[in-house]
Amino acid sequence: MIDNSYLLGLFGGTSTFSSGGLSGTSSLATKKAQPTPPWSSSAVVPEQEALVRSALGGRRLINEDAAKLDVASASDDYRRLFALYQGLESLNALANRAGVKGVSSTELSLITKRFDQGLKEITSYVASAPLNDVRLVAGVTESISKTSAGVRRDSAISITSPIHEGDIASPVTAFEGDVVFDINVKRLNETHTVRIDLSEMGGAARTLGSVTAHINDKLQAAGLETRIGRERQAAEVRTLQVGGRTVTLPAGPDLWSLAIRGVSTEAVSFSAPAPSDAVYVVQGTGTAGAHEVLKFQADTATAATAASARVGETQWVDGRVSQTPLPEGIKTVRASATGPDGALWLVADMEEGPGNLPIKGQSDVALIKLDSAGRVVSTRALGAADQASGYALAVDDAGRVAVAGSVTGALIPGKSGDVAGEVDSFVTLYDGDGEELWTQRRGARAADEATGVAFGPGGQVIVTGRARSAMPGAAGVGGWDSYVQTITSSQPYPTAAWDAKIDGTLQFGTTGDDAVQATAVSGDSLYTAGEEDGRLVVRRFQLTAGGEPQLLSTRDLGAMNGEVKGLEIDQGQVIVAGVTRNATLDVGTVNQAHNGGLDAFVAVLSGDLTASGAERLTYIGTENEDAVSHVKLLDGKLWMTGTSARSVSAEDDDPVQGYLSRVDPLTGTVEWSRSWAGQNEQAAPLTLAVASGGSSVLDRLGLPSGEIVQSESKKLVDATALRVGDRFSVVPASGGRSVAVTIDARDTLQTLARKIEIASGSRLKVTVASESATAENAREGLNSVLAGVQRLSIMARDGREGAVLVSGEPGRDALAGLGLSAGFIGPTATEDGPRTFGLDLPQALSLLTKDARTASGERLQAAMKSVRDAYRSLAPAPASSATSGAVPAYLTAQLANYQAALARLGG
């Protein structure tokens with residue numbers, strides 16, 4: 001075989017290939033441009049166990065000295081990127097270890113603590129690392145950023161739930177019979193009442209068009225501008241999966257609602273003659289975590305207006321007047337109450353904020369106000385930075401609302417409680433519009449929680465709960481103790497901040513585990529009922545202004561074997577209700593004996609708790625498991641809700657129905673009862689509330705009693721989960737001093753926008769953007785008014801480099817409450833500046849649960865990819881080719897000689 005290099009040499013050529021072919025070493029090999037990264041297949045990858053041991057040993061996760069560069073001239077940017085990548089690998093190793101089956105709780109605690117420390121270390125490093133040719137931020141990179149938190153715009157338009165379906169020219173069932181109500185319009189200091197009586201229409205068909213025309217004629221005659229219209233919800237084509245195929249179903253009928261079209265100068269309310277009492281049941285329904293409010297007539301036999309199913313409602317039962325969904329994001333509802341204006345208040349736990357209300361931590365408490373038609377008027381978030389749960393709710397005659405529960409982590413910005421990580425009690429007082437007046441957080445050294453709240457004489461707030469050690473100002477007894485605490489509050493002058501003062505705290509119980517499960521106030525007497533070392537114990541206290549309650553009497557009713565679900569005071573008698581397996585509770589006359597299993601019970605005691613012949617005890621149930629969720633007293637009758645009796649062997653996913661019953665507490669007679677199914681045959685009543693005169697013909701029309709709220713507070717501490725003192729920082733994109741932006745009590749979107757622009761040195765342009773009322777933020781039939789929202793929109797000012805938003809420290813981060821991501825806002829790449837990459841590593845990453853570990857692992861993998869992308873962006877641009885252009889004549893002649901020689905050899 002002839003060596004090509006010899007051949008070419010004869011003709012003056014030179015071969016760059018050895019006889020070994022292309023695998024040989026090139027004399028023109030390209031010089032290595034970038035150092036070998038730690039994720040390269042040729043790099044030595046540290047073992048996961050070694051990374052975990054090193055991290056738990058206390059070594060820093062980021063060590064620039066350990067980052068090796070195999071290109072001597074490489075920029076220090078590579079060393080810092082490699083060190084950061086190795087730190088992220090260590091965090092990822094910790095996350096993986098936390099998810100290994102069999103890891104002890106002690107080791108998991110150490111891993112979690114080290115993970116949190118490592119996350120802070122990485123965030124701090126990214127903020128301070130002096131990179132030259134690339135920019136990294138711990139958050140995201142965006143050219144435009146908008147707050148997911150939205151502030152509701154004012155609106156005078158209110159849309160009811162649908163009251164008619166199909167042909168608009170057809171008579172409306174809801175208009176049949178005696179339909180009489182008043183429209184009350186307040187203008188300046190004068191109120192105009194317009195009586196609407198559809199019988200005045202004579203024999204005319206009661207269609208939407210004819211009825212609204214009749215109403216508007218009345219309003220016009222009264223010289224008013226408010227009008228009643230109609231709103232169409234167009235039917236949509238539906239699809240169904242059958243045998244793996246999508247089947248399109250015809251669109252259903254159009255739905256029609258009433259529309260109250262007011263003006264800002266007129267306040268509109270509705271009322272009706274001969275109202276009846278109402279009972280609200282809040283329940284979970286179905287298997288997807290949905291919640292809804294069911295409204296019933298309390299006296300169906302004598303009500304002036306018969307209850308009927310409304311358009312689109314499901315699982316209707318006689319006596320129910322409405323069914324309305326609650327916003328998404330609710331985990332559970334533990335308490336409800338009605339106010340003097342007929343509104344329904346709920347205290348709910350949220351794991352994610354509903355609609356335009358992002359929460360700051362893992363869970364928060366929401367105070368939700370609904371009108372009598374079941375539409376959401378307002379939603380207020382407590383603003384916990386970590387976790388919070390709401391257990392109790394009370395409304396006084398002035399409309400003020402008290403909420404009590406437990407909180408872990410910071411509530412007041414910058415304050416995480418006396419013992420970090422322990423659960424503390426809290427109580428918050430709101431005015432009738434849902435605006436916070438004050439919050440008190442009081443905690444024992446060990447865990448404690450507030451489980452009850454009530455109003456006492458003179459507006460005194462009374463909190464009951466339990467604690468595992470001594471509450472401040474009290475002495476512990478042992479185990480879980482019960483406690484009662486009284487708080488007095490005042491406002492020096494109308495615009496001043498409220499001042500709340502604890503009058504006294506009394507801790508009581510046994511050396512075992514105790515808990516107050518129900519609370520009631522009558523005059524200056526406070527009653528509690530609950531479990532004390534396994535016994536059902538009722539106590540009576542004397543309330544004193546400016547001092548702690550004084551114990552007056554105690555009554556032990558025997559072994560609990562269950563739970564107290566309600567405590568009411570009626571005409572000097574104490575009514576205790578709940579569930580028990582004890583067939584021999586120590587109460588005088590027994591109306592109905594125990595039925596076996598778990599039974600509901602109703603006990604009537606004397607006001608001073610002494611035994612007497614007037615006492616009554618009734619067991620209600622079957623031989624199966626009978627559940628009671630909540631009880632309330634109305635006009636001497638006890639209302640009770642829960643789930644219907646189930647077999648002891650029933651599975652969690654077996655069908656279960658909800659029920660509502662009215663019981664005479666003295667005789668034990670069940671006077672009225674209804675049961676119903678839920679979505680997917682799952683109904684779970686949680687709490688109930690009663691309203692005197694709360695039901696009328698307005699329910700059929702979807703109209704609320706009371707005034708329609710056209711405007712809400714625009715202050716961020718009311719409209720969002722933010723609290724005074726929450727903050728974040730703004731840093732110039734090219735580096736420099738950070739400037740803090742702190743939330744004040746009077747801040748609005750407009751004032752916050754100005755603060756951010758100033759903090760950025762005018763590098764950012766911040767505007768208040770408005771969104772249409774037809775979006776998801778104002779769904780018809782769910783919200784009380786059809787209103788759009790406003791949000792902040794942030795971008796780099798023209799010709800400026802932008803800026804970096806940095807989260808506030810744990811416990812006071814305002815970005816979370818605004819629904820903004822920390823990170824860079826501005827152009828991600830410019831001709832004369834470095835490219836920007838975001839790691840998107842929020843400080844809220846956690847290893848506490850399986851889902852949290854999965855989410856943290858995914859975020860860490862994405863952050864490591866961002867580092868790899870930053871590495872690739874540093875690669876030098878390839879040199880331009882030197883062989884472009886026309887081929888020189890001497891090379892053309894030389895190639896011709898090569899070809900001639902090859903032709904001769906080939907013969």
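This is a predicted model: local features need pLDDT of at least 70, side-chain atom pairs count only at pLDDT 80 or more; totals for chains, interfaces and linings use all residues.

User: Over how many bridges do β23 and β24 pair, and in which sense?

Analyst: Strand β23, residues 424-430, pairs with β24 over 6 bridges, in the antiparallel sense.

User: Which strands form the sheet that holds β23 and β24, and in what order?

Analyst: The sheet is open and has 4 strands, in the order β21-β22-β23-β24, with antiparallel pairing. At its edges stand β21 (387-395) and β24 (436-442); each has a single partner strand, so one side of each is left without a neighbour in the sheet. On average, neighbouring strands here are turned by 20 degrees against each other, direction ignored.

User: Now a single residue. In which strand does Ser-606 lie?

Analyst: Ser-606 lies in strand β36, which covers residues 599-606.

User: Is Ser-606 buried or exposed?

Analyst: Read the relative accessible area against the cut-off: under 20% counts as buried. Ser-606 has 15%, so Ser-606 is buried.

User: What does the side chain of Ser-606 reach?

Analyst: The backbone oxygen of Thr-610 is reached by the side chain of Ser-606 at 2.7 Å. A polar contact of 2.8 Å also joins the side chains of Ser-606 and Asp-608.

User: Which residues does Ser-606 touch, leaving aside those up to four places away in sequence?

Analyst: With those left aside, Ser-606 touches Gly-572, Val-574 and Ser-612.

Terms used
Residues are numbered from 1 along each chain as its sequence is written. Side-chain values use heavy atoms; hydrogens and water are left out. Helices (H or I, at least four residues) and strands (E, at least two) are DSSP runs, numbered from the N terminus. Buried means under 20% relative accessible area, exposed over 50%, partly exposed in between (1.4 Å probe, protein chains only). A polar contact is a pair of N or O atoms within 3.5 Å; within protein, one must be able to donate a hydrogen and the other to accept it, and residues adjacent in sequence count only if both atoms are side-chain atoms. Contact means heavy atoms within 4.5 Å. Two strands pair if DSSP finds at least two bridges between them. Axes are lines fitted to C-alpha atoms, for helices over the stretch in contact, and angles run from 0 to 180 degrees between N-to-C directions.
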